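We'll start with the chain as a whole and then work down to individual pairs of side chains.

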Amino acid sequence: RRDNGAAGERRRRQVSVLISFEHAVLGYQQPVLSDVNLDICEGDYLAIVGPNGAGKTTLLKAILGLIRPIAGSVRTPRSEHRIGYVPQRDTIDTFYPLSVLDIVLMGLYHTLGPVRRPGIAERRKAAKVLDDLGIAELERRSYRSLSGGQKQRCIIARALVAEPDILLLDEPTNGMDLPAEQSILDLIDHLRNKHALTVLFVSHMLHVVLNHARKLAIVGDGRLTTLDTTESALGEHLSRLYGIPVRVLQVDGSAVVVCGTEREGRGV
């Protein structure tokens, strides 16, 4: 029987939902975010934005399942999904002289268990991912000797080797120069299209967000608001979030974020 009307549409949408927040209160001993309602669906390209200390990391931990909601619920309607997590580069310990291949193989440890060591099959799989990301020649290089962009590709490879459904990145272009930043963003776009990945990323760089993500999860004042990046009132929402005038302009087909008054505005 064919579904019709709003009820049928809800059922069709439900099939594609990977993670669903329903009136969730997130935090630790005290709430950080309240009444969070968010569906993360197959194919989403979602950016999490907000001021420092607003709760972006708390939301990220809830998505990863590292914290449970204080109230409300976080559900996974599908029986299983895999998240490939790409942390900030400076969280990777460079004290040990690990090679690029060693770092990527870490992405398979959950399937190998605490005793089994990576074999030929795992090494070939890791090498293929490195080749797909254009850094096969770095396989034997020390991770700590790499540039920022190379390190970012390496830890993206570590996430991808486990064949995730969701790629979750925390500040993937932080501290990069413009060419490296654009290279990583183009790579993320390419991976999303090639592997039909659901992509979530945390960023404070609004020009990055608006020219790549399709939806925003705006965190501020203890709340979460979701918007399309094409929303006409986006500038008003961002102005309230950051407490300064924000305008979103289109220049040669790209979004440009201007802060301050028209006379004092600065691109972000």
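Of the 268 residues in the protein chain, 45% count as buried, where buried means under 20% relative accessible area, exposed means over 50%, and partly exposed is anything in between (1.4 Å probe, protein chains only). Keep in mind that this is a predicted model, in which local features need pLDDT of at least 70 and side-chain atom pairs count only at pLDDT 80 or more, while totals for chains, interfaces and linings use all residues. Residues are numbered from 1 along each chain as its sequence is written, and side-chain values use heavy atoms, with hydrogens and water left out.

What is the chain built from? You'll find nine helices and twelve strands in it; helices (H or I, at least four residues) and strands (E, at least two) are DSSP runs, numbered from the N terminus. Now look at who touches whom, taking a contact as heavy atoms within 4.5 Å. Among the contacts with a separation of 6 or more, 64% are between residues 24 or more positions apart.

Now for the charges. Side chains of opposite charge can pair when their charged atoms come close. The structure holds five salt bridges, a salt bridge being a side-chain nitrogen of Lys or Arg within 4 Å of a carboxyl oxygen of Asp or Glu.

Take E22 and R75, whose side chains meet in a salt bridge at 2.8 Å, N to O. E22 sits in strand 1 (residues 17–27) and R75 in strand 4 (residues 71–75), so this pair ties together parts that are 53 residues apart in sequence. E22 is partly exposed at a relative accessible area of 33%, and R75 is also partly exposed, at 32%.

Another salt bridge joins K125 and E163, at 3.8 Å, N to O. K125 belongs to helix 5 (residues 120–132), while E163 is in the loop between helix 6 (148–160) and strand 6 (166–170), so the pair links parts 38 residues apart in sequence. K125 is partly exposed, with 32% relative accessibility, and E163 is partly exposed too, at 47%.

Stay on helix 5 for D132 and K128, which both lie there, four residues apart, or about one turn of the helix. Their closest N and O atoms are 3.2 Å apart, making a salt bridge. D132 is partly exposed at 29% relative accessibility, whereas K128 is exposed at 51%.

Follow the chain out of helix 5 and you reach E139, in the loop between helix 5 and helix 6. E139 is partly exposed, with a relative accessibility of 22%. Which residues does E139 touch, not counting those up to four places away in sequence? The answer is S99, V100, L101, A127 and L130. S99 is 40 residues away along the chain, yet its C-alpha atom and that of E139 are separated by 6.9 Å.

Finally, the cysteines. The structure holds zero disulfides, a disulfide being a pair of cysteine sulfur atoms within 2.5 Å. C41 is buried, at 17% relative accessible area, and C154 is buried at 0%.
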